[in-house]
Amino acid sequence: MNYQSWLRRLTPLNRRKVLKHSMAAGGVLAAGTLSAVGASKETLAVSTWTPDPTFYPSPRSAMKAPAETLAYVARINPNGNGQSDAICVVDVDPASTAYGTVIGELELTYPGDELHHFGWNACSSMLCPTAAHPHVQRRYLIVPGLRSSRLYVIDTQPDPTNPKIVKTIEPEEIAAKTGYSKGHTVHCGPDGIYVSALGAPDGGGPGGIFVLDHDTFDVRGRWEVDRGDQYLHYDFWWHLGYDTMITSEWGTPEMVETGIQPELLLGAQYGHRLHFWDLRRRRHTQTVDLGKENQIVLELRPAHDPSKTYGFVNTVVSLNDLSAGIFLWYRDNGSWAARKVIQIPAEPAAEEDLPPALKPFKAVPPLVTDIELSVDDRFLYVSCWGTGELKQYDVSDPFNPKETGSVRIGGIVRREGHPAASGPLNGGPQMVEVSRDGKRVYLTNSLYMTWDEQFYPDGINGWLVKLDADPEGGMRFDERFFLDFGDQRPHQVRLQGGDASTDSYCFS
Amino acid sequence: MIELSASWSVISLVALGAFHGLNPAMGWLFAVARGLQERRLRAVLVALGPIALGHALAIGVAAVVVGLLGLVLPASALLLLGGGALLIFAAVKVATRFRHPRWVGMRVGARELVLWSFLMATAHGAGLMIVPVLAQQSDTVATVAASDHAEHLGHAGHAAQADPGGHAGHAERLGEGLVASLAAVGLHTAAMFLVMGMLAVLVYRKVGVDVLRRAWINLDFIWVGALVVAGAVTLGSGFWSIVAG
C-alpha cells in the first residue's frame with residue numbers, strides 16, 4: 001500500500017487523528033527548539049542586535065573612537081605574603097573627580113599568578129568578512145598568570161568598575177589540552193582567542209600558541225600544525241590582510257623564571273629570531289635571524305593597516321655594546337626580511353651606582369622591553385626600562401624613523417622624578433599603551449618579578465603615569481596623573497573599548 | 001491555480017535571493033574587503049562571480065535533494081519533511097549560537113572563494129530556506145505531469161491507476177523537475193548576485209565600510225526567524241494537503 005492510497009482510505013475522522021498526531025509531533029519539535037535555546041545560555045558570550053560600538057572596520061575609523069574613561073591595570077603583589085594579584089580599574093576621565101585613581105579592584109582567587117599581558121574576548125577583527133560575527137560584546141578580559149599558568153576570564157559588565165571572575169582555567173587543563181604552560185599574551189583573532197605560552201609544563205620548550213573558543217572560552221588546543229625550526233617563543237601578532245602570523249623569541253620557562261641567566265645571555269642562548277607563519281594553514285613558513293648578538297626579541301607591532309606588510313619588534317640587549325634595537329620586518333621579493341632601523345646606546349655609569357649584574361660593564365643598558373605603534377601607524381613608542389626613558393619616533397617612513405619626543409622617569413641610575421612626584425623614582429618606563437586616537441600614552445614600571453630584582457635590587461615602587469601626545473609629534477607628562485601603587489607592581493594597561501595593541505582590522 | 005502558485009514561487013525565489021544577497025556574512029563584505037586591500041574596484045567585481053557560484057551550488061544541492069525526493073515522495077510528505085528539517089535546523093542554529101565555519105584567510109583564489117561561499121551559504125541554511133519553494137514547485141510540476149499523464153493514459157483507454165506508464169512518467173517528471181529546479185536556482189542566484197553586487201559597489205565606492213558599525217543589524221536573529229516561518233508554513237501546507245486530501 002502506498003502513501004497516497006493510504007491517504008485516500010482515511011475517513012474524515014481518521015484525518016483528524018492524523019492531524020492531531022502531527023500537531024503533537026510539532027509540539028515535541030517546538031519543545032526541542034526551546035530546550036536547545038535554554039541550553040545555549042551556558043555560553044558566556046551574548047548576542048546583540050548591532051555590532052559592539054567599539055568594533056571598527058579599519059584603523060582609520062578606530063582613530064575617531066571617543067576617549068577612554070576607564071583603564072584596567074594588572075597589579076602584581078611581589079611580597080609572597082598570600083595576597084593575590086589584582087585587576088585594578090583606574091579612572092582616566094579628566095572630567096572626573098576620581099581622575100587618576102583606582103576606583104575598583106578585583107583580587108584574584110589565588111596568590112602568585114603574576115599577571116602579565118591580558119586582552120579582550122572580542123575586538124574589531126569580529127568584523128572580518130571571512131567569518132564575520134560582530135554581534136558580540138567586548139566585555140570579558142582574558143587574563144593569564146605567567147607564573148601560575150592559570151587563566152581567568154573576567155566579566156567587566158554590568159558594572160565596568162566592578163569586574164568579576166566568571167571562569168577559571170587551571171594549568172592542568174591547559175597542559176592536558178595544549179602541551180603548553182606559562183600563558184602570556186592574548187589576542188582576539190577572527191576565529192578564536194589566541195594565547196601565547198612560553199613553554200611546556202616541564203619548564204622546557206617548545207613555546208607556542210593555543211586557542212580558546214570565542215563563545216565558551218573552552219581551551220580548543222594547540223595552534224601550530226607545523227612549527228618548523230621554531231622552539232623559543234614570546235609574542236605573536238599578524239598581518240590579517242596577508243594571512244601571516246609573526247612570532248618572536250624570548251626563552252623557555254626554565255631560561256627566564258629565575259631571572260636573566262648571565263651564562264645563557266653571554267652564550268647568545270636567548271631568542272634572536274623572528275618566525276613567519278601561514279596563519280590559515282598554521283604552518284611555519286620562514287625564519288628571519290636578527291643576529292645572535294641581538295638577544296631577546298619581544299614585542300611585535302605589525303602595521304594596523306591590513307594592506308601594509310611591515311612591522312616593528314624590539315631586541316632587548318646587544319652583546320656587542322649593551323645597546324637595544326628596533327627592527328623593521330618587511331616584504332622583500334616575495335619573502336620576509338628584517339633590518340635594524342633604530343639603535344639605542346647604553347649610557348656610561350659609575351660602578352657604584354649599578355646593580356651587581358651590571359657593575360662589570362660600567363654602563364646602563366637601555367633595556368628596551370616594550371614598544372607600541374599608534375593605530376595610524378605613524379608613531380612608535382619605545383620604553384627604555386634600564387635608562388628610564390620613553391622615546392617617540394615618527395615612523396611614517398618605516399625605514400627611516402625620526403625621533404620626535406622623549407621623556408625621562410625612573411631608571412636604574414637616574415631615578416628621575418615626575419612633575420607630580422619628585423624623585424627618586426625607581427623602575428622605568430616599561431609597559432606602554434596608546435589610546436586609539438593616539439593622543440594619550442600610559443606607562444607602568446615593572447617588568448617581571450625575578451628580573452626586577454636583578455636590575456632594581458632595592459625593589460620597585462609601582463607607578464602608572466599618563467602622557468599627552470601631540471598629534472604632530474612630541475609628548476609631555478600629564479601633571480595631574482601619577483598613580484602610586486606603593487610596593488605593588490602595575491604591569492599591562494588595557495583601555496576600555498580597546499587600545500593600540502588590542503585590535504586588528506580586516507579593512508584598509 | 002497553477003499559474004498563481006508559479007508566480008508566487010518566482011516572487012519567493014527572488015525575494016529570498018535578495019535577502020541572501022543582503023547578508024554581509026555571505027559575500028558582499030568579502031568582495032569589499034578585497035577591493036580595499038588591492039585598492040581597486042576591479043577586485044570587488046572579480047570576487048562577485050565566484051561568490052555567486054558558491055551560493056548557487058549550495059542552493060543547487062538543496063534543489064537536487066528536493067527533486068530526487070519529489071520522485072519518490074508525495075508532495076505532502078515532502079512538505080512535512082522540508083518543514084521539519086527547517087525547524088530542526090533553526091533549533092540547531094540557535095543551540096549552536098549561529099556558529100559557522102571558522103574560516104581564516106583573506107587571500108583566496110577564485111576556486112577557494114567558491115568553496116568559501118558554498119560553505120557559508122550551506123552553514124547559514126540558505127539552501128534549506130529555499131526548500132519550501134522548491135517543494136511547492138515540485139508539487140506543481142508533479143500535478144501538471146500527473147494531469148498530462150492521466151489525460152494521455154485516459155486517451156489510451158487505461159485506468160489512471162495502471163502501472164505500465166509509471167517508469168516513463170518518472171523520467172518525464174525528472175526531466176521537467178530538473179529544468180524547473182535549475183530555473184529556480186538560476187533565478188534565486190541572479191537576485192542574490194544583483195543585490196550583493198549593488199551593495200558591494202555602493203559600499204566600496206560611496207558609503208564606506210564604516211556603515212557596518214551602524215547598519216549591520218544581527219541578521220542571525222532575522223535569519224532564524226525566516227527559517228522558522230519557512231518551516232512552519234511548509235509544515236502547515238503539508239498538513240493542509242493531508243487534511244484537504
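The model is predicted. The predictor assigns the complex an ipTM of 0.84 and a pTM of 0.89. For chain B, the mean pLDDT is 83. In that chain, 83% of the residues reach 70 or more.

Chain B is built from helices. Its secondary structure consists of nine helices and zero strands. From the N terminus on, the order of elements is α-α-α-α-α-α-α-α-α. The chain has 245 residues, of which 46% count as buried. Contacts across the sequence were also examined. Among those in chain B that link residues at least 6 apart in sequence, 86% join residues at least 24 apart.

One segment of chain B calls for caution. Over residues 149-165, pLDDT stays under 50. The model has eight contacts beyond four places in sequence for this segment. Where pLDDT is low, predicted coordinates should not be read in detail.

The contact between the chains draws 38 residues from chain B and 49 residues from chain A. The most comes from α4(B), which gives seven residues. By residue class, this side of chain B comprises 26 nonpolar, six polar and six charged residues.

Terms used:
Residues are numbered from 1 along each chain as its sequence is written. Chains are lettered from A and ligands numbered from 1 in the order in which they are written. This is a predicted model: local features need pLDDT of at least 70, side-chain atom pairs count only at pLDDT 80 or more; totals for chains, interfaces and linings use all residues. Two residues are in contact if their C-beta atoms, placed from the backbone, lie within 7 Å. Helices (H or I, at least four residues) and strands (E, at least two) are DSSP runs, numbered from the N terminus. Ala, Val, Leu, Ile, Met, Phe, Trp, Tyr, Cys and Pro count as nonpolar, Asp, Glu, Lys and Arg as charged, and the others, Gly among them, as polar. A residue is buried if 20 or more other C-beta atoms lie within 10 Å of its own, exposed if 12 or fewer, and partly exposed in between; C-beta atoms are placed from the backbone. pLDDT is the predictor's confidence in each residue, from 0 to 100.
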